[in-house]
Each structure stands twice: as structure tokens, then as C-alpha cells.
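Trainee: Could you go through this model with me? I would like to ask about a few spots as we go.

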Amino acid sequence: MPLEEIKERMRQAEVRAGRDPGSTCLIAVSKVQPLQRVTAVLESGHRVYGENKVQEASGKWPDLKEAFPGVTLHLVGPLQTNKVKAAFELFDALHAVDRSKLVQKIAGQAQTAGRCPELFIQVNTGEEPQKAGVHPRDADGLIEEARKADLPVAGLMCIPPQDEEPSLHFALLAKIAERNGLSGLSMGMSADFESAIAQGATHIRVGSAVFGARDYG
Ligand SMILES: *Cc1c(COP(=O)(O)O)cnc(C)c1O
């Protein structure tokens with residue numbers, strides 16, 4: 001079972017980093033995966049999942065949540081303002097909050113709903129033009145704006161550039177979190193979660209290592 005192997009690797013990385021075993025949350029990213037793979041992991045007892053699209057998640061998770069009580073669902077991909085309401089209905093945490101307009105829309109929906117998912121501010125640590133996330137120099141301002149709107153900011157999130165050493169990006173994210181007094185760090189994927197744990201990740205987002213390769217065909 002790959003899940004057990006990943007948990008063991010997580011424990012070892014936590015111990016190497018002098019952290020408590022079990023202190024990192026494993027978000028199993030189930031996007032694009034066939035339902036039977038997702039069901040198998042649910043049946044093994046895992047309850048924390050991630051999706052990157054509101055629409056795709058809306059198609060499968062309402063039924064799965066009913067069949068497997070206790071599921072926590074994280075939106076790890078970008079969120080459009082016109083999907084905020086739907087996202088509130090489905091997700092317990094939103095990981096790609098990256099602009100003022102979205103913060104304001106979330107604040108409005110939080111007022112209406114009387115509750116709000118946990119938020120992670122996505123930082124574009126590689127300053128890549130095509131990638132979501134607030135520019136590192138604008139991160140403090142966006143965090144402050146979200147806090148002023150009374151939103152539950154749990155921490156920061158990043159996706160390092162493909163061709164760069166991820167640990168440098170994890171370290172930068174940890175630094176921005178620390179100077180803002182934030183404890184949550186959503187960083188690390190299948191290829192680099194041990195390095196992320198070494199740098200203090202509280203949430204790792206692991207897809208293919210849990211479920212197998214995604215088939216986009
Ligand atoms: C798909 C995805 C992941 C998981 O990627 P793997 O490489 O399969 O572990 C993590 N984070 C985000 C934002 C994703 O979209």
C-alpha cells in the first residue's frame with residue numbers, strides 16, 4: 001500500500017528534522033484519479049483529500065463524503081471569484097488565495113455563510129509569470145488584508161518552479177510565514193515532500209505517489 005509507505009517516509013523525515021512524528025498533515029490529492037483508486041484509499045481509512053478544481057470536486061465528493069463520514073477536503077488549485085460560493089459548500093480549506101479581489105469575495109461569502117474555510121495564501125516564490133500566487137514582495141500586504149477582514153488565515157502555500165531546487169522555495173515561504181506570525185505551511189508534493197517536511201511543512205499535498213500516475217488521456 002503506497003499510503004503506508006508514504007506515511008513511513010513522512011515519519012522518518014519528521015524525525016530527521018527533530019519534529020514530532022505525525023505532525024505533518026498528508027493531503028491526498030485525488031484530482032483526475034479514477035473513482036476506484038480514491039475509494040480504495042478512503043477504505044484504508046485516510047480522510048484528508050485535496051482537489052484542484054471546484055467543478056471536478058463537486059462531481060464526486062458530495063457522494064463520497066456521504067459514504068465515508070469524516071472527510072476533510074482541501075482546494076489546492078486556483079479559485080475564481082464566481083466559484084467562491086460553491087467552494088464554501090464543499091471545502092474545509094482553500095490553499096490558493098492569492099489576490100485582493102478573491103480575499104474580498106471570500107470575506108463577503110464568510111459574512112453570508114457565518115463561517116469560513118481555513119485559508120492559505122499562495123505565494124509565487126519563483127516569481128513565474130504563468131503561475132498563480134501573490135508576488136513575495138506583496139505577500140505581507142495580502143496577509144494583512146485578509147486578517148483585517150477577519151478571515152482565518154492558517155498559513156502560506158507555494159508550488160516551486162519545475163527546474164529549481166525546491167528547498168530554496170520552501171525556505172523562502174517559511175521565512176515569509178515566520179515574519180507574519182503564521183504557523184501553517186502548505187508545501188511539498190510527491191517528488192519533494194521530505195524536503196518540505198525538513199523545512200517545516202505542516203501540510204503536504206501528495207497526489208501521484210498516493211494514487212499512481214494521473215491519466216489525462
Ligand atoms: C496536483 C497537485 C498536487 C499533487 O501533485 P503530485 O505531484 O501528484 O503529488 C499538489 N499540489 C497542487 C496544487 C496540485 O495541483
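Trainee: What does Phe193 touch, not counting residues up to four places away in sequence?

Mentor: Phe193 touches Ile6, Arg9, Met10, Gly188, Ile204 and Val206, where contact means heavy atoms within 4.5 Å and residues up to four places away in sequence are not counted. Before we go on, this is a predicted model, in which local features need pLDDT of at least 70 and side-chain atom pairs count only at pLDDT 80 or more, while totals for chains, interfaces and linings use all residues. Residues are numbered from 1 along each chain as its sequence is written, and side-chain values use heavy atoms, with hydrogens and water left out.

Trainee: Is Phe193 buried or exposed?

Mentor: Phe193 is buried, with a relative accessible area of 0%, on a scale where buried means under 20%, exposed means over 50% and partly exposed lies in between, using a 1.4 Å probe and protein chains only. Phe193 lies in helix H8, residues 193–198, where helices are DSSP runs of H or I with at least four residues, strands are runs of E with at least two, and both are numbered from the N terminus.

Trainee: And Leu156, where is that found?

Mentor: Leu156 is found in strand S6, and with a relative accessible area of 0% it is buried. Leaving out residues up to four places away in sequence, Leu156 touches a list of residues that includes Phe120, Ile121, Val123, Ile143, Leu173 and Leu185.

Trainee: Switching to helices, at what angle do H5 and H6 cross?

Mentor: The axes of H5 (residues 100–113) and H6 (residues 139–148) come within 10 Å and cross at roughly 15°, with axes being lines fitted to C-alpha atoms, for helices over the stretch in contact, and angles running from 0 to 180 degrees between N-to-C directions. The two helices are therefore roughly parallel to each other, a label for angles under 35 degrees, whereas over 145 is roughly antiparallel, 65 to 115 roughly perpendicular and the rest oblique.

Trainee: Which residues make that contact?

Mentor: Ser100, Val103 and Gln104 contribute from H5, and Leu142, Glu145 and Ala146 from H6. These residues divide into 3 nonpolar, 2 polar and 1 charged, counting Ala, Val, Leu, Ile, Met, Phe, Trp, Tyr, Cys and Pro as nonpolar, Asp, Glu, Lys and Arg as charged, and the others, Gly among them, as polar.

Trainee: What about backbone angles, say phi of Glu127?

Mentor: Phi of Glu127 is near 50°, a positive value in a residue other than glycine. Most residues other than glycine have a negative phi. Glu127 sits in the loop between strand S5 (118–122) and H6, and at 48% relative accessibility it counts as partly exposed. Asp150 also has a positive phi, of about 65°, although it is not a glycine; its place is the loop between H6 and strand S6 (153–157), and at 70% relative accessibility Asp150 counts as exposed.

Trainee: Last topic, how many disulfides does the structure hold?

Mentor: The structure holds 0 disulfides, a disulfide being a pair of cysteine sulfur atoms within 2.5 Å.
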